[in-house]
Amino acid sequence: MNPDLMRQYVDLISEASAPVIIGSYKLVSYDPATRIAKLDGHKDIELATTSQDRIKPGYNYAFEIANGKAIRVILMVVDTVIYTDTEVLMIKRKNPPFAGHWALPGGFIDPGETPKQAAIRELVEETGLEVSALNFVGEYKTPGRDPRMENVWSYAFSLHVDAKESVQAGDDASQAEWIPIKQLNKLKLAFDHADIIKQALGV
């Protein structure tokens, strides 16, 4: 069976049973009056009244489905901690939220990507650094951790490197730099990235 058809088939079976997360899918359009979301690669989904987030066409969303409706809309993102014995690779955010704040390299998970694939891609796009392996740190799902939506789930990864490599900011980053670990507590960090770094470094 075609992989895309198989994915839709699995989603349809799941939607008919217990609450389940499907996606991400790119939002084509959303009608607030009917609460119908048109998606690229999936049938239309009706949002339940429990979901109050303002969703935007062009963004990729996952949906928690129960009884045929989306009871929760989720932004799926990744964050990556690349570090030496003394420094952590950070980027300065170009855009809101937290524009001008230091943050971990990361971004949205595209449709069809695994979290690890997204983390490797975003690392290249924002810092120019290429890696082939990453270690899973954890999932960060506290409601409100990101001001864009109530539910923004981060899948965090890490990698220790023996020596820092040259990096160059790109995409949503205005700067990319290796920051001494001892100076991190003096910086304005975005989101809950301080907690992610602590867990990744075991400090």
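**Entry 1: arginine 93**

I started with arginine 93 and found its place in strand S6. The model I am reading is a predicted one, so I keep that in mind throughout. Is arginine 93 buried or exposed? With a relative accessibility of 16%, arginine 93 counts as buried, because the cut-off for that word is under 20%.

Next I looked for a charged partner. Arginine 93 has no salt bridge, although it is buried. I looked up the nearest side chain of opposite charge as well: this is glutamate 126, and it lies 6.0 Å away.

Which residues does arginine 93 touch, if I leave aside its neighbours within four places in sequence? I noted Phe98, Ala99, Gly100, His101 and Ala103.

**Entry 2: the largest pocket**

I then turned to the largest pocket, whose volume is about 410 Å³. Its lining has 26 residues, and arginine 93 turns up again: the closest to the centre are Arg93, Gly107, Phe108, Arg148 and Asp172.

H2 gives the most, with four residues. Sorting the lining by class, I get eleven nonpolar, four polar and eleven charged residues.

A reminder to myself before the backbone: most peptide bonds are trans, and most residues other than glycine have a negative phi.

I looked at the bond from glycine 23 to serine 24 and found it cis, with omega near 25 degrees. Serine 24 has its place in strand S1, which covers residues 20–31. How far is glycine 23 from arginine 93, where I began? Their C-alpha atoms are separated by 26 Å, and the two residues are 70 apart along the chain.

Proline 96 and proline 97 are also joined by a cis peptide bond, here with omega about -5 degrees. I placed proline 97 in the loop between S6 and strand S7 (102–103).

**Entry 3: two positive phi values**

I checked asparagine 67, whose phi is near 55 degrees, a positive value in a residue that is not glycine. Asparagine 67 sits in the loop between strand S4 (60–66) and S5. It counts as exposed, because its relative accessibility of 76% is over the 50% cut-off.

Aspartate 171 has a positive phi too, of about 55 degrees, and is likewise not a glycine. I found aspartate 171 in the loop between strand S10 (152–160) and strand S11 (173–180). At 40% relative accessibility, aspartate 171 counts as partly exposed.

**Entry 4: isoleucine 197**

My last stop was isoleucine 197, in helix H3 (residues 193–201). Isoleucine 197 has a relative accessible area of 5%, so it is buried. What does isoleucine 197 touch, apart from neighbours within four places in sequence? I listed Val81, Met90, Leu104, Leu184 and Leu189.

Leucine 104 and isoleucine 197 are 93 residues apart along the chain, while their C-alpha atoms are separated by 8.6 Å.

Definitions and conventions:
Residues numbered from 1 in each chain as written. Predicted model: local features only at pLDDT ≥ 70, side-chain atom pairs only at ≥ 80, totals over all residues. Heavy atoms only, no water. 1 Å grid on protein atoms, 1.4 Å probe; cavity = no way out; pocket = protein on both sides within 12 Å on 5 of 7 lines; lining within 4 Å. Points joined across faces, edges and corners; volume = space filled by probe spheres on them. Nonpolar A, V, L, I, M, F, W, Y, C, P; charged D, E, K, R; others polar. Buried < 20%, exposed > 50% of the residue type's maximum accessible area, 1.4 Å probe, protein only. Lys, Arg positive; Asp, Glu negative; His and termini not counted. Salt bridge = Lys/Arg side-chain N within 4 Å of Asp/Glu carboxyl O. Contact = heavy atoms within 4.5 Å.
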